[in-house]
Amino acid sequence: MRVIIVGAGEVGYQVAKFLTYEGVDVVIIDRDGNRLRKISEELDIATIEAEGSDPSAFKEAGADKADLLLAVTNSDETNMIACLLGKAMFNIKRKIARIRNPDYYFNKELLGKANLDIDPAINPELEAAEAVSKLIENPFASEIVEFEQGKIKVIGFKIPQDSFIKGKKLKSLRAFLNRDFIIGAIERDENVLIPTGEDFIHEGDIVYMPIPKEQVQEVAQSLGVLGKPAKKIMILGGGRLGYYIASKMETRADIKIIEKDAERCKFLSKHLGKSLILHGDGADKQLLIEENISNMDIYIACSNNDELNIMASLLAKKLGVKKVISIINRTDYISLAHNLGIQSVLSPRLITASIILRYLRRGEVLSLTAIAENKAEIIEIVVTDRSSIVGRTLKEGIFPRNSILGAIIRDDKIIIPSGNDIIRKRDKLIIFALKDSIREIEKLLT
């Protein structure tokens, strides 16, 4: 398989890293030679220093033999022209592009098969806004991933100092809590593990559990982490992401947006119905106090400045806000933000990379989400007739090391599995896996 990536930024780098790990032939095109040199020092891939819309660069990259084109530069126009070149001159079958401008993104005729033939177009801010809205609805969570149209949720939450499950061995928890449950992954410091029954829960761990939608509140309460739905929200930054979050949530909560740019404030006032728009600095301590930050359920820092988002989140937390969510694009800042005590850290770039990966997996992959800074994946996949695990039980050890089956979806029924459960044809499986087990899982299921 050959993949051409236009854009050597964070998204392009993350996707290239995944692909090279799995032996895919990757070529990256970017006009920034310094970025390309850094990538080629770390990854064994070909790089071409050129504009992403340069036909000669596509020819040099072997576009006529490419299976997939990913256009993920910071320019929508460059991404669209790259896809047009891929279609018109080189007949690349699949083209995926990052499109941020809503005038382009929502123009289905422009992006459709008859024209640019981009499938899918990915809007990072819209995807991040959707992720934030889920956290607002479940404030105890640090991360939420939905599968099967939301019927089952994978909830990631941080183990607090006073948690009664801290220090307990996993194999004792099912009897202790008197319910079926599985912890699919544990993020601890900068490491991720797929746990066994012999592992212990530590303070500060972020644990990921698959939970049927109707049981989320009950499970959270049994674990002692339940929080009330957020009703008062303050947002730092009224850019596209802040606007999308407010438009999604303003009918369900009281929203305050703090934005430094006066013209942007006018736009927000015109296009949002109920949100209160404040012209000022969202990291100004005095302004936050005057706006009753201590009464806020959630403070969301989503400016275009990662450093500002981290510092503002820490300030808001110190001033008494119940939960902070920080939007961070630089992946090397994510673990820092977690270590500083910020409950939820989201990266639009990692979300975009995760969506792209879904289209690169073999087998009948329905959805895929990378978690824990892309160190692990949660895959929803259909068991085919050809799969070698059909008719076998989990206690036979059918899944490879560093992977675990979190849930089975069978005829609209959700099963949290035990060792005696049997895999059947057309089951939908939700699997937690580290990178080194992904290819073996794909072989089992295809």
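The following dialogue examines how terms are assigned to residues in this predicted model.

Tutor: Local features in this predicted model need pLDDT of at least 70, side-chain atom pairs count only at pLDDT 80 or more, and totals for chains, interfaces and linings use all residues. Residues are numbered from 1 along each chain as its sequence is written, and side-chain values use heavy atoms, with hydrogens and water left out.

Student: Why is Thr 331 called buried?

Tutor: Buried means under 20% relative accessible area, exposed means over 50%, and partly exposed lies in between (1.4 Å probe, protein chains only). Thr 331 has a relative accessible area of 17%, so the residue is buried.

Student: What makes the pair Thr 331 and Glu 10 a polar contact?

Tutor: A polar contact is a pair of N or O atoms within 3.5 Å; within protein, one must be able to donate a hydrogen and the other to accept it, and residues adjacent in sequence count only if both atoms are side-chain atoms. The side chains of Thr 331 and Glu 10 are joined at 2.9 Å, a polar contact.

Student: Which residues is Thr 331 in contact with, leaving aside its neighbours within four places in sequence?

Tutor: With contact meaning heavy atoms within 4.5 Å, they are Glu 10, Gln 14, Leu 350 and Glu 373.

Student: Why is the pair Lys 134 and Glu 146 called a salt bridge?

Tutor: The term requires a side-chain nitrogen of Lys or Arg within 4 Å of a carboxyl oxygen of Asp or Glu. The closest N and O atoms of Lys 134 and Glu 146 are 4.0 Å apart, and the pair forms a salt bridge. Lys 134 lies in helix α7 (residues 124–137) and Glu 146 in strand β7 (residues 143–147), so the pair ties together parts 12 residues apart in sequence. Here helices (H or I, at least four residues) and strands (E, at least two) are DSSP runs, numbered from the N terminus.

Student: How do you know whether Lys 134 is buried or exposed?

Tutor: Its relative accessibility is 15%, so Lys 134 counts as buried. Glu 146, at 29%, counts as partly exposed. Lys 134, Glu 146 and Lys 153 are linked in a network of salt bridges.

Student: What makes Asp 412 and Lys 151 a salt bridge?

Tutor: Their side chains meet at 3.5 Å, N to O, in a salt bridge. The pair links distant parts of the chain, 261 residues apart. Asp 412 has a relative accessible area of 59% and is therefore exposed, whereas Lys 151, at 35%, is partly exposed.

Student: How many salt bridges does this rule give?

Tutor: The count comes to 24.
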